[in-house]
Structure formats: C-alpha cells, structure tokens
Amino acid sequence: MRTSLIAFTVTILAIAHAHAADLTIVQDGKSDFTIWTPVDPTAAESLAASEFASYVEQMSGAKLPIERAARGVKKPVIIFREWMHRLSPDMAEQHGASMPDTPDDFSIRVRADSVTVTGASGRGLLFGTYRLLDALGCRFLAPQYGHYRGAAEVIPRSTTLTAKEWPNLWISPKLAYRKLYIEEGISHDEANLKQLIEWMPKAGYNVLVCPLDYGNRGRVQWDKWRDALTPELQKRGITIEVGGHGYENFLNAEMDGGKVFAVHPEWFGADEKGTRRKQKSYVFCTSNADAVEFVTKNFLAYVAMRPEIQIFDFWPPDGARWCACDDCAKLGDPPERQAKLLSHVSREVAKVRPDLKMEAIAYSKLIEPPKTEKIDENVLIDFCPIAQNFEFTLDDPAGHSMREDGTTPRANKQYFDALRAWRARFDGPISIYSYYRRYAWDSLPVTLPWHMKRELTFYASIPTQGISTYSEPGDWFAYELNHYVLPALAWDRDQDVDALVNKFADARYGEASPVAMEAYRTLADVVRAYCSVPFVSLKPKSEIHAAAQRVDAVAKQLHTARASAKDDVIKRHLQRLGFVVEYVQRDLAVQEMRAARAPREQIRERIAKDHAWLSEHADEGVVLIKGHRLNLDRAYRRYGVDEKAPTTAPAE
C-alpha cells in the first residue's frame, strides 16, 4: 500500500489509527527512552541515531542514550534501522510495512512504548529521521552557511516532546531524482560543500552533481573535492553525479603539450570551410573511429579510477559546434550523433563499470530527441529548457504565442513540444534541468514556489522522473525559499504550497511571518514579469510603475516589522529580506528608465550606482559578486546599455 502524502509537514503525523494515542518521548526535560540501532550499525544508522539524540537534546535538554540492540534492553525505545537489517541475529522481528519501492522510502511506526524509523536504504532512513524531527518542530531551512551565523535552522525549545501515530505505510517520493548542481562553483569551497551535503537529506535532496572540470578550465573539478566529500556523501547515501559539458575533457588540442593536435588534426572538429579547429567549443570528429576510441579510452580510465561516481554526465561542450566535415554530416544531425556516440561509449563502459548510469543532455541543438537512433532506456536524459520565459510555466498556452515578428514560436512552445517528443520516443528516465535558480538572474530574487507547483504538475503528466537546480552559497538567501520548496514538491507535488511557504515563513520570521509572506507573494508576481530577467519582454512604463508600487508597499511593511522585531535573529533575517526587496526596487527603477527611453548615459549612471551598492553586500549571502558574476560590464549588458548595444532594447 502506497501513499502520496508528503513527510515534510506536520500534517501527516496527525493521521492516526483509531486505537492509537500520542507518545510522549520527553516530559519535563526528562526521558526514559533509549535509542537502539542494530548491533552492527551502518554509517547511516549510526548517523540517524546520533542526529536524533542531538536534536532532542537541543530541543528539550533530555539526553537519550544510544545502544546497540541486544536482548534484555527494556522499552521504551526509539529504533533506527535500514530495511532488512536485523537488529540482532538472535532476535525475531516484524517489519511492520509492505516492501518499499525505492531506496528513498521510509516508514515511521509509533506505538505505545516505541518508535521505529525504517529506511529502505541508509538514505531513506535519514529522510525518515529528519521528517520525524520536523514533526517535532525542527525546521531545516538552509545549510549552515557562515552568513547565517548559526541560524540557518530553527530548533524549538520545549521540555515536552510528543510524537503522534503515523500510518503503517512506506512514504515514497514522486520524483526519483532530486538534484543540486554545483555547476560553476563560484562561491563553493570544501567547507561549505560539506555544509550543503549535511543539509541535503534534511530537505529531501538525493543527488549532488559536480563537474568533472567545469569548462575544462581547471577551476571547478570533482577531483579537488573528491577525497573530502566522498565519505560525507556515502555516509548519507547521496548519489554522486559527475561530468557535465565536457567531451573536451577527454580530447582537446592542449593535450600532451599540443602534440595530439599536431599529430592528429583530423580528430578535431572542422568548421564549414573544412579547417580543423583547436577551440574546445568544437565537438571532436565523431565520425573518426580513432578519435572516438581515444575519447572512449580516456573516459573509461577516468571512471574506472573513481568507483564512487554513480551517474556520469557525458555531454558535449557548452555552446557546442558540431564537426562540419562530410563524414560527420553523414551521421545525421547533432541528436543522432550524440546518440551514436553515447551508445558506443555505454557499451564499452558496461565492461568496466556496469554499475555506472550514463546521462545524456537534451539542450540547445540537442533539445529534440534523435529520430532514427534509439537511446537505451537505462540512460538518464537531462532535459534543459535554458531559454524558458519564466513569466509562464512551460505548459501555459500564453507562453506559446508567436514572437513579435510573427515568424517563430517562443522558446516555451519549443520546449513543450520537445519534451513530449522525448517521452514519446524514449522509454527511460527524464530529469528536468530546471533553472529554478539561474546564474543569468544575477541574484535577482526570482521567487518560484507557486510556479514550481504548477510546473511540476505538468511534468508529472509527461511523465518525468527528476528535477534539479543550481546552488551557490554566495546568494543562497535570495533563493532559499526556492531551494526549500523544490524538494518538498518533488516528494509530493499535490501538497498545499501556501501551507509549505507559510511553514517556512513562520520558522524564519516568527511574528513577522505575515509580512514576509506578502513579500514572497509580491516577489513571485513581480520579478518574473517586470524585472531584468532574461527572455522576458520589457513592459510599458505604466505597468512597471504599478509593479514598483507594490514592491514599495512591501518594503515599507518590512521596515516597520524590522523596527519592531524583538528577536535579533529575526531582525537580521528581515533586514536581509529587505535588502532583497530593495534590489528589486532598484532594478524596476532602471526598467522604468528603459521603458521611458531615457538617455543611455543616465541609465548607465544609475546602473553603476546600483552596482556599487550591491558590491557593499557581497559577503552577506544575498548577491553573488565573486568571479565574473555581477561585474559592471555584465550589468550594462543585462540592461542593454553596453557599448555594443545600439539601443536600450530588453536583454535577451
């Protein structure tokens, strides 16, 4: 028997058997309960037990001893175990639930003198443990990044802790893949990546994706973090996915000091004139058998030496330019070429790493599925609607209209059709590379809980099997609500998103929650439609002005709430939310100038002042300034007033 009820809310704990009663674990700061694990606990079982004991002590002051199960231990007990892992070889046990369907499944049984948390795997056990703690009042809102000053989580204080009866069912996620991408790694380091990994099972994510070598630049690489992160990921059962854009990691013109290109120029991609090109953006000549074998050999060597990798993203370069030689042209369009290469590499890797799942990308020139080549259903497809207009969900007919020139449909329509085509022609899993946090937004708070709710419902109709998003500590606060809501909806898209956002706001802002809720709703309505968000048209000045007035009203409410807040932590959170809102105010002011066709130099002057203001807040977790993001030239381009732009047309 299955359930679609999400375990991320307290509501499910109230669903009780008629005969059951609440079970008090701690009374007046004291407890008679003992925590049991199997006699030979796995890493996840030990972690689950210690985490539960730690949070119970933080909440109530009660210290629950942890013991390994053995005969003679008296109840009451709280048991943490993985499915089919016996507490002790000489103990007869009942599992108390039907067989789980996925490794993420968990069950929680509350009885008169015991609580048993069972996971289908170690990862499932941790999901169940943190959901039980959530039901007791803990709120795991964000990773414990330094800029939160220890206040990323909210741990209530109560001398009495009571668990309610759960239905005797396995709780299952709707989406099998719930991914966080490191991607460009602008603000990541070893310390904050460990903080991210620690938080992932608390929120419900189950896959961390790290580039093999982002852009083949030697900066963001799995190998740099591998030794430090692998034990932390494996202890929690988090799937390790590596790769990304990167055929060039296995064949490029710089290899062996340039000798590979000098000796074998025919291995490299040709332009339309037949010239073999050294640039990494060119896909190697996939019609050349020796080049294919060279790439395959290097790839096999890489994954053979890294058995911790469970999914590999075998993708072409970002902005790929496919070889234009005659032999490559005979292979067909890029989707056919990717499929042929993938099939060959998959067959070979199965001989070395049969456990490794290969992933291909549906993106740019590969957004359509191959028409003749068949991709094996064991491959995972990452579908990437990079040019989506977030003013609309992907299935919204209003986003499928023709462009202003009346010639071609907007990108949303293209992605809508392409995704359905993939589902019609491909029998394996499809995960959505969602862009629910984008680098191109330059830390503007595009707030998406309600959008995600509608869009995930559409994706379920396809159906798809996964969802992902980028993550950066540097501007996490700007997107923390998106990061919190996404995995919850991925577990249960049918839940009440208003209740979920309210739950977050209540924990983060306390008595100021209603004001924060109004701010989130306003940001959700305004930023996607009126701010300088890529692929969104510049609206008339009157509409932008009306939107700005809504944001101004919210800013005043936040100022008042911050002034009256008595809790310093809440005051600090309100101050940062106020900063986020002010960023939107400033962006709308520039948008109004653009819509009014103000002189270019006036707009540039305003942008420069705003950029200086943003830079003053670079280390507060709200804007991502490091590296090439949010530099002044980029800001000019975003607003269409860089030196190359002839007009103040909307940024695309």
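Student: What makes D525 and R550 a salt bridge?

Tutor: This is a predicted model, where local features need pLDDT of at least 70, side-chain atom pairs count only at pLDDT 80 or more, and totals for chains, interfaces and linings use all residues. Residues are numbered from 1 along each chain as its sequence is written, and side-chain values use heavy atoms, leaving out hydrogens and water. A salt bridge needs a side-chain nitrogen of Lys or Arg within 4 Å of a carboxyl oxygen of Asp or Glu. The side chains of D525 and R550 meet at 3.1 Å, N to O. That is within 4 Å, so the name applies.

Student: Where do the two residues of this pair sit?

Tutor: D525 is in helix α13 (residues 513–530) and R550 in helix α14 (residues 541–564). They are 25 residues apart, so the pair links distant parts of the chain. Helices here are DSSP runs of H or I, at least four residues, and strands are runs of E, at least two, numbered from the N terminus.

Student: Why is D525 called partly exposed?

Tutor: Buried means under 20% relative accessible area, exposed means over 50%, and partly exposed lies in between (1.4 Å probe, protein chains only). D525 has 40% relative accessibility, so it counts as partly exposed. R550, at 37%, is partly exposed too.

Student: What makes D327 and K330 a salt bridge?

Tutor: Their closest N and O atoms are 3.8 Å apart.

Student: Is K330 buried or exposed?

Tutor: K330 has 69% relative accessibility, so it counts as exposed. D327 has 46%, so it counts as partly exposed.

Student: How many salt bridges does a search of the whole structure find?

Tutor: The search finds 43. One network links K179, E241, E359 and D382.

Student: How do you know that β14 and β15 pair, and in which sense?

Tutor: Two strands pair if DSSP finds at least two bridges between them. Strand β14 (residues 239–245) and strand β15 (residues 311–315) have five bridges, so they pair, in the parallel sense. In general, strands of a sheet pair through backbone hydrogen bonds, either parallel or antiparallel.

Student: Which strands close into the barrel, and in what order?

Tutor: Eight strands close into the barrel, in the order β12-β13-β14-β15-β16-β17-β18-β19, with parallel pairing.
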